[in-house]
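Here is a short briefing to read alongside your structure. Take a look at the strands and the helices beside them, and the points below will walk you through a few of them.

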Amino acid sequence: MSSSVPVWPHRDSSAPGPGETDACGVGFLAHLDGVPNHWVLQQALRGLRCMEHRGGCGGDGDSGDGAGLLTAIPWSYLEDVWPAAAASTAIVRGLGMLFLPADPDRRDLARRICDEEAERLGLLSLGWRQVPVVPDVLGPLARENAPAIEQWLLAAPDAVPGVMADVDALESLLFRLRRRAVDRVREVWGADTTDLYFASISARTVVYKGMVRSEVLDAFYADLRDERFSVAFAVYHRRFSTNTLPRWPLAQPMRLLGHNGEINTLLGNINWARAAESHLEAVWGDAARDLRPLVNAAFSDSANLDATLELMVRSGRPITDSLLTLVPEAFRDQPELDERPAIKAFYEYSACLQEPWDGPALLVFSDGRMVGATLDRNGLRPARYCITSDGYVVMGSETGVVELEESRIIEKGRLGPGQMLAVDLEQHRLLRNWDVKEETAARLPYAGWLLDHRRSLSPGPWQNAPWATWNSCSSRPPSASRPRTWTWSSRTWPVRARNPPTAWGMTSPWRCSPPSPTSFTTTSSSALPRSPTPRSTRCARSWS
């Protein structure tokens, strides 16, 4: 089935002017032993309520920018309240959380489309559940635009319960199913339809979110007030929208992450992601046609990052590896990496595949196997954590939001630029920053790949060109952005010289390094080539 070209319907305003920015509130709780309990959910809701001052509110004073929770699927609770779930305990199953049309006829059609696409992928549709909600607690704007919210139970008939590979395979099928169903709906109702949205569809996690204030989330969703709703972890998010107006689908957490901050390299990231779509067949084969387009310039920055992360995770990469690739630390000339060459090799290899998504950004994430948080390399968002003697890990953009006895706390800390903290929910381990990165670096032979595939090229003829040998800091080199081509390995790629930073509007003085005969390097791989910059044109900032 060919994908229709989507027009993202949820952006209807331009970016705000100076001074109209703030920061969302985010955090997570997890139990190292993986034992589900209702206390985790209660404390996540308490933490969410404490983040109300970080969120935005609509003009009616009552409709929030958005709030939500990402948790493990509470199967025991669903089995108590949903006969279809109780009858499916012996099979591998997944759960969708959908925003459907308020109109009953359109809702029936949306369900029928979803069921048909599930059948085409070999999945069983086991039934739908109307999620109990209380619309009266919503603000006027949120209530006027509220969707019908239902859960969808699915199963993989040939999968074996307890086999991790089969669960991962179901996750990938559910990912394709979501994309196919949304494309079908757009073909029927038009590319700008807003009537079908998957808040989540997974074999491991579920998202409860809405266009609400923090304190209203559990008042709106009756499920969250039930003491039988027990989970081992929860990610929470209170939204302050800065580049889009509030909408139900734009509430967070997204399907894998909650984002506090901005992605200020978004246009470049989108362009690289679009270019990388040409390699989807290498992993997905014919199924790649279900996944294009991956990103859209009209998406919010959080939605684009989540979409890119979701593709990497559903393609088989661990979520920690994926985030370290997308949001790396500043690894070049990093003294702490001198004694960790394997980690540096991972970063160097990943730099050939993906341009960094730069914030400021704090990302709290979970795929149901891992839960954690990471800061981008700028490190300009607070991320504080504590660990208790009874195995709880609590992280948030603020401290004191969870009820913990001080006597139980055995460690407190904060994330620095480019650092990550993660909880392995399957092996019941706490992974600190270097633990995560060393495991990631040891997973594949990145150093060997660099040795085998990276080629050092002799200095090119452009090093004698005027724009490559200029040595004046007073003006821009002539024709610095003149397009040229670089030919190597029977390929001709357009190359654009990197302009000196004065071309970006900088006013501080710059010290420019003299021409150097040292060659530069690039990497030959299945990834798209990166535009090389001769070292003779690189500049170092001189602060005064």
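**A sheet and its helices**

Strand β10 (residues 361–366) is joined to β9 by five bridges, and the two run antiparallel. Please keep in mind that this is a predicted model.

**Around β10**
- In the pairing of these strands, Gly261 sits opposite Ala361 of β10.
- Helix α11 (residues 319–326) lies across β10, β11 (370–375) and β15 (420–424), and runs at about 160° to β10.
- Helix α13 (residues 433–443) also packs on the sheet, where it touches β15 and β16. The direction of α13 makes about 95° with that of β16.

**The whole sheet**
- Five strands make up this open sheet, in the order β9-β10-β11-β15-β16, with antiparallel pairing.
- β9 (257–261) and β16 (429–431) each have a single partner strand and stand at the edges, so one side of each is left without a neighbour in the sheet.
- On average, neighbouring strands here are turned by 10° against each other, direction ignored.

**Strand β7 and its partner**
- Strand β2 (residues 67–72) pairs with β7 in the antiparallel sense over six bridges.
- Within this pair, Gly68 stands opposite Lys209 of β7.
- In a regular strand, side chains alternate between the two faces of the sheet.
- Thr205, Val207 and Lys209 point one way from β7, while Val206, Tyr208 and Gly210 point the other way, and all are buried.
- Because six of the six residues of β7 (residues 205–210) are buried, this strand is largely enclosed by the rest of the structure.

Definitions and conventions:
Residues are numbered from 1 along each chain as its sequence is written. This is a predicted model: local features need pLDDT of at least 70, side-chain atom pairs count only at pLDDT 80 or more; totals for chains, interfaces and linings use all residues. Side-chain values use heavy atoms; hydrogens and water are left out. Buried means under 20% relative accessible area, exposed over 50%, partly exposed in between (1.4 Å probe, protein chains only). Helices (H or I, at least four residues) and strands (E, at least two) are DSSP runs, numbered from the N terminus. Two strands pair if DSSP finds at least two bridges between them. Axes are lines fitted to C-alpha atoms, for helices over the stretch in contact, and angles run from 0 to 180 degrees between N-to-C directions. Contact means heavy atoms within 4.5 Å.
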